[in-house]
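My notes are set down in the order in which I looked.

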Amino acid sequence: MTSMIPLVILLSLISSTSLVSAQVASSAPVPVTGASYARSRTKLFVQGGVVTANGITVAQQNQMFALDLSVPWSANNPAWIQLKSGPTQVYHSAVVSSDEQFFVTFRNTPSGSITNNLSYRFNILANSWSQSTIKVQNPSREGVTAVKDPTSGLIYLAGGFQSDDSQMYIANLDTDMLSMFTMPNNFMSDRFFYSGVYLQSRKSIIYFGGSDSAYSSSPSITSQNLITEFVPSTGAWSNLIANNPNPAHRTEFCMTANDDGTKVVVFGGRLDSTSYARDIWVLDIPSMLWTQGPSLSEPRASAACVLAGNTFIAWGGSNGQHTVDGKPILYDVNTNQYVGSYTPPSSYASNANVFGNNPNNKNGNDNNRSGRINSNSLPDDDSGPNSMLIIAAVIGAIVAVAVAALISVYVRKRRRIEYEANLERMECGGSGNFTRRPSTSTFIDKKPSPKDGYSFDEDKENPAKPTKAHTQDSYGRRNSNQF
């Protein structure tokens with residue numbers, strides 16, 4: 001019975017380890033529509049959103065996840081990293097700060113405790129949330145997109161959060177303050193549920209799509225199917241003319257640009273009050289030519305998306321009736337084909353070990369926006385599947401050590417029992433597998449003592465026995481939390 005104890009403990013430990021590993025590996029976000037999303041150089045952050053069925057809200061979410069863009073993965077097994085849940089929000093917008101240390105949301109979804117606070121901040125390094133002190137007249141207004149100018153670090157929110165929708169709000173993450181100016185009437189007036197992206201190639205923000213009503217249950221789509229450009233450094237506005245027809249005007253679609261701002265993808269959305277889009281378009285900025293790709297089998301609106309290298313990635317969204325499943329859509333903008341796996345650009349791998357890498361840092365010294373923490377001092381970003389492997393390896397090592405210790409105790413105990421049994425047979429004249437013979441080992445010329453780990457009778461003369469050198473190892477446990 002005694003010999004079964006180590007085996008039982010071993011099986012129990014292995015079972016516990018498997019359970020922990022499965023829980024770590026199975027972390028994935030609940031598929032939602034209307035989540036906020038923003039990217040750092042090697043992560044796509046997604047927060048909040050809502051689950052719908054038959055056009056009815058089932059549950060709003062407060063989840064926070066990051067999709068790792070620095071490692072390869074398949075559409076069936078995307079590299080999600082679970083982070084600390086934040087506020088319960090939906091149809092809000094977000095940016096990642098220029099030092100890549102904060103994920104910042106804009107719009108305060110109405111809840112039981114309504115406040116005028118507009119923004120929440122997620123500290124990526126500390127894995128913690130805090131609320132901004134910025135207050136606005138109407139923080140729950142929908143359809144306003146936040147776009148970051150990486151040169152200045154300022155955040156532009158066209159339309160704003162008050163009754164006058166002609167204002168351009170500008171958020172300064174360093175000071176946690178807002179400023180604003182009035183936009184020209186012929187560009188962004190009465191325009192909501194549009195999308196906007198920053199183009200590194202032109203040092204400008206472009207806007208496309210949008211509705212002329214933020215609150216109507218059946219918003220009418222503006223007749224102006226234009227690409228509007230705003231240059232933050234000069235304050236200049238203009239309409240860009242493509243060299244072939246633009247995609248159909250729409251709302252609630254996702255739009256994203258590649259790293260150098262030479263390609264822009266427009267995906268899905270809502271065409272009118274009852275029709276939803278299933279198409280994908282790629283705009284080549286140098287030539288100003290649109291290319292239409294193959295359409296999906298079902299519509300997709302209010303999805304999260306990113307263009308990482310040549311791969312467009314979309315996740316979540318609604319088909320107009322219910323939230324879609326959680327399998328990402330992957331599309332190669334070079335071949336104009338949907339693909340089943342993601343391979344990161346080589347430049348992403350070189351930056352993957354620095355969480356908080358600032359691509360605008362030319363001198364090796366960060367401007368320390370939004371937290372004033374030097375990004376060069378940040379720890380390695382061993383997140384996603386790598387962190388899961390590390391956690392599993394640490395747990396496996398601990399289990400191996402524990403099992404080895406149990407086996408060692410068991411073997412020593414059995415040897416001690418056999419030794420005493422053979423010794424008793426020898427002293428009684430019996431036979432045993434123990435024989436006294438000269439040894440080349442060093443012996444201590446004394447009787448054994450209890451500290452040597454043996455029992456003895458003081459009235460009998462026991463043969464001298466070799467001392468045992470016992471060493472006790474200490475094992476430290478490394479904290480494997482990455483965020």
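The entries below go through cysteines, salt bridges and a strand in turn.

**Entry 1, ground rules.** I am reading a predicted model, in which local features need pLDDT of at least 70 and side-chain atom pairs count only at pLDDT 80 or more, while totals for chains, interfaces and linings use all residues. Residues are numbered from 1 along each chain as its sequence is written, and side-chain values use heavy atoms, with hydrogens and water left out.

I looked for disulfides, meaning pairs of cysteine sulfur atoms within 2.5 Å, and the count came to 0. C254 is buried at 1% relative accessibility, and C305 is buried at 3%.

R202 sits in the loop between β16 (195–199) and β17 (204–208), whereas E229 is in strand β18 (residues 227–231), 27 residues apart; strands here are DSSP runs of E, at least two residues long, numbered from the N terminus. R202 is partly exposed at 37%, but E229 is buried at 5%.

R250 forms a salt bridge with D279, again with the closest N and O atoms 2.7 Å apart. R250 lies in the loop between β19 (236–240) and β20 (254–257) and D279 in strand β22 (residues 276–284), so the pair ties together parts 29 residues apart in sequence. I noted that both R250 and D279 are buried.

How many residues of strand β10 (residues 119–123) are buried? I found that 5 of its 5 are. S119, R121 and N123 point one way, and Y120 and F122 point the other way.

I then looked up its partners, where two strands pair if DSSP finds at least two bridges between them. Strand β9 (residues 102–106) runs antiparallel to β10 and is joined to it by 5 bridges, with F102 opposite N123. Strand β11 (residues 128–131) is also antiparallel to β10, through 4 bridges, and Y120 stands opposite Q131. β10 and β11 form a hairpin with 4 residues between them, and N127 in the turn has a positive phi of about 55°.

Definitions and conventions. Buried means under 20% relative accessible area, exposed over 50%, partly exposed in between (1.4 Å probe, protein chains only). A salt bridge is a side-chain nitrogen of Lys or Arg within 4 Å of a carboxyl oxygen of Asp or Glu.
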